[in-house]
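Could you walk me through how the strands in this fold are arranged, and how a couple of its helices sit?

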Amino acid sequence: MNNTSSPETRTGAESRMAEKLQARIANHSFRKLIPADHSLIDFCSNDYLGLARCEYLLNDVEAEWKQLREAKSIQLIGSGGSRLLAGDSVYATDLEKEFAEFYKAESFLIFNSGYSANLALFSTLPRRGDTIIFDDLVHASVRDGIHMSYAKSRSFSHNNLEELEELLKKSPGELFVAAEAVYSMDGDKCPLEEMIELCEKYNASLILDEAHSTGLYGENGEGIAVEKGLQDRIFARLLTFGKAAGCHGAGVAGSKILRDYLVNYARPFIYTTSLPVHDLLVMRCAVKSLAKKQELRKQLFSFVDYFRKKALEYPGIKLIPSDTPIQGILIGGNEQTRRVAEICRENKFDLRAVLSPTVAEGQERLRVIIHGFNHPMEIDELLRVIASAI
């Protein structure tokens, strides 16, 4: 059955939606779902270390699940409700204690995703009369949480500490600063030490999103804050498991007061069905695996260096400055950027075009993700294809 409505039978809402969709088609920014094609060479996914495809991790998950089943510790496939109703478990609370120790925090609270964790932090903590000051390249989930808050908000130019300080000087109420350890589109880092010093100077609470640094930095993959020994000077850290850890879910690391406050007041936590134990088990096994991947992390960053050095051999390739696995190649224009990405796919390379309005007009780029399982020969050929297509 064809459920697509004709123009004559559309409701007013459908007509407005159709007009907006047509506008996206016209400016080459229309989004559509593309099923993952695992026959392509992966320069697209956030599975930086390959844990999502790791047979050893799968075996660990199956073995631990079997132990729980044989011990009759698991009675339900699902969780049964939100954690404040029927969905809490001893496994969840024990895992949070384990994660608090691993990420060197007083407390840890698990969320279903990084998106819901950011919604919780920014919609719950600032009150009316407070101010949220955020880097203008923070993730959409941070912005959505800010929009749900009653607080005022101000942005500063990306990584501009002078602008940040001016806003800290003149903004009213309790001050909250939002930044990312590694930015998801440009792949660069925030000036973390200097930002912490400014927050301490003006008594502001720093909320650091470590989504793209979890698993990649620190001796055991604890993130940039722990690697630099700065975790105790940060009000809240968002850690995710859907990227380098290769699974799903997220958590907030901070004080016990912060955890208790979120449990009592964060609507994205209170009114969400909790993750079932099997999902928690996968997260636990993944974090254990991260601690064993020191050599793979070194290999990954050697590939990042290799990619950037080889790219310099092609004058037409414009790299965005980054020393992380997120590498951006500026193309410009939605149509041209999408065309180059399609040529890459035709040559068996899986990567994505990042188009406006996701990035600013004129900043459209290819987002190339380097992985620990990629090979230098694959990097060579990918750059050759891109250079010939530009």
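This is a predicted model: local features need pLDDT of at least 70, side-chain atom pairs count only at pLDDT 80 or more; totals for chains, interfaces and linings use all residues.

Strand E3 (residues 131–135) pairs with E5 in the parallel sense over four bridges. Residues are numbered from 1 along each chain as its sequence is written, and side-chain values use heavy atoms, leaving out hydrogens and water.

| Strands | Bridges | Partners |
|---|---|---|
| E5 and E6 | six | leucine 175 and alanine 204 |
| E6 and E7 | three | isoleucine 207 and alanine 236 |

From E5 the chain crosses through helix H7 (residues 192–201) to E6, and this β-α-β crossover is right-handed: with the strands pointing away from the viewer, the path from the first strand over the helix to the second runs clockwise. H7 lies across E4, E5 and E6 and runs at about 155° to E6. Contact means heavy atoms within 4.5 Å; axes are lines fitted to C-alpha atoms, for helices over the stretch in contact, with angles from 0 to 180 degrees between N-to-C directions.

How well covered is E5? Strand E5 (residues 175–180) has six of its six residues buried, meaning under 20% relative accessible area with a 1.4 Å probe and protein chains only. In a regular strand, side chains alternate between the two faces of the sheet. On one side of E5 sit Leu175, Val177 and Ala179, on the other Phe176, Ala178 and Glu180, and all are buried.

Stepping back, the open sheet has seven strands in the order E2-E8-E7-E6-E5-E3-E4, with mixed pairing. Its edge strands are E2 (107–111) and E4 (152–156), each pairing on one side only. Neighbouring strands are turned by 20° against each other on average, direction ignored.

Now for a helix pair. The axes of H12 (residues 294–311) and H14 (residues 376–389) come within 10 Å and cross at roughly 30°. That makes H12 roughly parallel to H14, since angles under 35 degrees count as such. Among the residues that meet are Phe303 and Tyr306 in H12, and Ile379 and Leu383 in H14.

Methods
Buried means under 20% relative accessible area, exposed over 50%, partly exposed in between (1.4 Å probe, protein chains only). Helices (H or I, at least four residues) and strands (E, at least two) are DSSP runs, numbered from the N terminus. Two strands pair if DSSP finds at least two bridges between them. Angles under 35 degrees count as roughly parallel, over 145 as roughly antiparallel, 65 to 115 as roughly perpendicular and the rest as oblique.
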